[in-house]
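My notes follow in the order I made them.

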Amino acid sequence: MDLHQRIKELEMELEILKAQPTVRELIPTMSAEVKDSNPYSRLMALQKMGIVKDYQRIRDFTVIVVGVGGVGSVASEMLTRCGIGKLILFDYDKVELANMNRLFFQPHQSGQSKVEAAVETLRKINPDVQFEHYNFDITTIDNFPQFLNAIRTGGLNGSAVDLVLSCVDNFEARMTVNMACNELGQNWFESGVSEQAVSGHIQFIKPGVSACFGCAPPLLVADDSLDEKSLKKPGVCAASLPTTMAVVAGFLVQNTLKFLLGFGQVSDYLGYNALSDFFPTMSLKPNPHCEDSHCLKRQAEEQAKQKLLQETQCANSKETEKEEEVVVHASNEWGIELVDETSPDLNGDSCSDHMAKSGLKYAYMAAPGTYESQPPESSKVDSIEQENNSTTQAPSNPVPDNSDESLDDLMSQLKAL
Ligand SMILES: [Zn+2]
């Protein structure tokens, strides 16, 4: 590179740095103290609200983000603002003005590698996070071992990372992440946004436990004789919307936080159809005929683990037989369970008392018995079809039951109004 040109570039970088505010001091311990200068007060409030048991544990975790495009860059920013311990970024692309319809990158970063530009911005947002970046294509034979190594030893203190987030835009890269994670038994999330920019999804893949990306590949893929990139027509590119990308990135990081910090329920698959605001969920079991040999190996390990667990449960059941004899209602169709009266409950006395003392009240209180007939919360919708059906089911609601009245009676009442 021409020396004068390089000096000009460095001078420009210096001007940009001068124009930006200084990075804040490091914060060794997350504090819940409510003051304007504490960047973690609102995150630590999740503990006070009873959502997360120990928020500061987020600093123990390392997440890899593969692909720092429209979804990956936003997901990285979210994790950085949440105070993740370490973030490792992979991408081989450069920032272009054509990316400006999306969030995160700025015009002055055009020409910079995506990973370098991202780390530069993220470090300023939260210097407490450790960053590592790789400006290469993970799908090549030379780079794949480095990618494997980053998963295996990239965690804090040289351990394996806690999660891999795939935010790539092509089949080959997805299969590469899949292959690496199957080989290492690494949990990961696959994510994607459609070429029309109006739908997307996330999928949680636990090797051996749930279907891997190879267990149920897309219906149509390029074979070995065809380079996937050659399918792109010149002058035609996929559409993208910052809105759809941000929704998918939000789903991805929300489920990442739930998985890492142990709250709520992690979705196995969550889709997003922007045109009808439809969010299908489902769970996929691994394919016993998957072409990935490591997937089959992980499946065999999981089956052995489940068998051992069953045997242990059988052994323990004899010890608990006496306790079971005193159970009055053996079947519990509606999932009713006893709750400690002293535990906080939104409609319970302790909370109401507390609110009364604080001068607050609920704007709406459910009438007694309103929810008594409501079935237990569905633990999992197993298919898109079920999800479709669930939207057409009549919900339990507090409307009085007028089933004795005929439709004609009701019509005549309406006309009389
Ligand atoms: Zn598989």
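**Entry 1: A249**

I began with A249, which is buried because 28 other C-beta atoms lie within 10 Å of its own. The cut-offs I used: buried means 20 or more other C-beta atoms within 10 Å, exposed means 12 or fewer, and partly exposed is in between, with C-beta atoms placed from the backbone. This is a predicted model, so local features need pLDDT of at least 70 and side-chain atom pairs count only at pLDDT 80 or more, while totals for chains, interfaces and linings use all residues. Residues are numbered from 1 along each chain as its sequence is written.

A249 is in helix α7. Helices (H or I, at least four residues) and strands (E, at least two) are DSSP runs, numbered from the N terminus. I listed what A249 touches, leaving out residues up to four places away in sequence: V71, V74, A75 and M78. Contact here means C-beta atoms, placed from the backbone, within 7 Å. I also checked A249 against G200. They are 49 residues apart in sequence, and their C-alpha atoms are 9.8 Å apart in space.

**Entry 2: α3 on α7**

At what angle do α3 and α7 pack? Helix α3 (residues 72-82) and helix α7 (residues 242-261) pack at about 40 degrees, with their axes 9 Å apart. Axes are lines fitted to C-alpha atoms, for helices over the stretch in contact, and angles run from 0 to 180 degrees between N-to-C directions. That angle makes α3 oblique to α7. The classes are roughly parallel under 35 degrees, roughly antiparallel over 145, roughly perpendicular from 65 to 115, and oblique for the rest.

The α3 and α7 crossing is right-handed. From α3, the contact uses V74, A75, M78, L79 and C82. From α7, it uses M245, A246, A249, L252, V253 and L257. I sorted these by class: eleven nonpolar, no polar and no charged residues. Ala, Val, Leu, Ile, Met, Phe, Trp, Tyr, Cys and Pro count as nonpolar, Asp, Glu, Lys and Arg as charged, and the others, Gly among them, as polar.

I then looked at how covered α3 is. Eight of its eleven residues are buried. E77 is one of them, and so are S73 and S76. The buried residues of α3 pack against β1 (62-66), β2, α4, β4 and α7. After α3 comes G83, with a positive phi near 85 degrees.

**Entry 3: the nonpolar core**

Which residues touch the most other members of the largest nonpolar core? I64 and L165 do, in a core of 65 residues. A nonpolar core is a set of buried Ala, Val, Leu, Ile, Met, Phe, Trp, Tyr and Cys residues joined through C-beta atoms within 7 Å. The largest share of this core, eight residues, comes from α7. I64 touches I88, F90, A150, I151, G154, V161, V164 and L165, again not counting residues up to four places away in sequence.

**Entry 4: α5 on α6**

The axes of α5 and helix α6 (residues 171-184) come within 10 Å and cross at roughly 50 degrees. The two are therefore oblique to each other. This crossing is right-handed. F144, F147, L148, I151 and R152 of α5 meet T176, A180, E183 and L184 of α6. The class count is six nonpolar, one polar and two charged.

**Entry 5: loop residues**

N157 has a positive phi near 65 degrees and is not glycine. It lies in the loop between α5 (144-153) and β4 (163-166). Is N157 buried or exposed? N157 counts as exposed, because it has 7 C-beta neighbours inside 10 Å.

A197 also has a positive phi, near 70 degrees. Its loop runs between β5 (188-193) and β6 (199-205). A197 is partly exposed, with 18 other C-beta atoms within 10 Å.

H108 sits in the loop between β2 (86-90) and α4 (114-125). With 14 other C-beta atoms within 10 Å, H108 is partly exposed.

**Entry 6: totals**

The protein has eleven helices and seven strands. Of its 417 residues, 27% count as buried.

Note on methods: A crossing is left-handed if the near helix is turned anticlockwise from the far one by less than a right angle, and right-handed if clockwise. Two residues are in contact if their C-beta atoms, placed from the backbone, lie within 7 Å.
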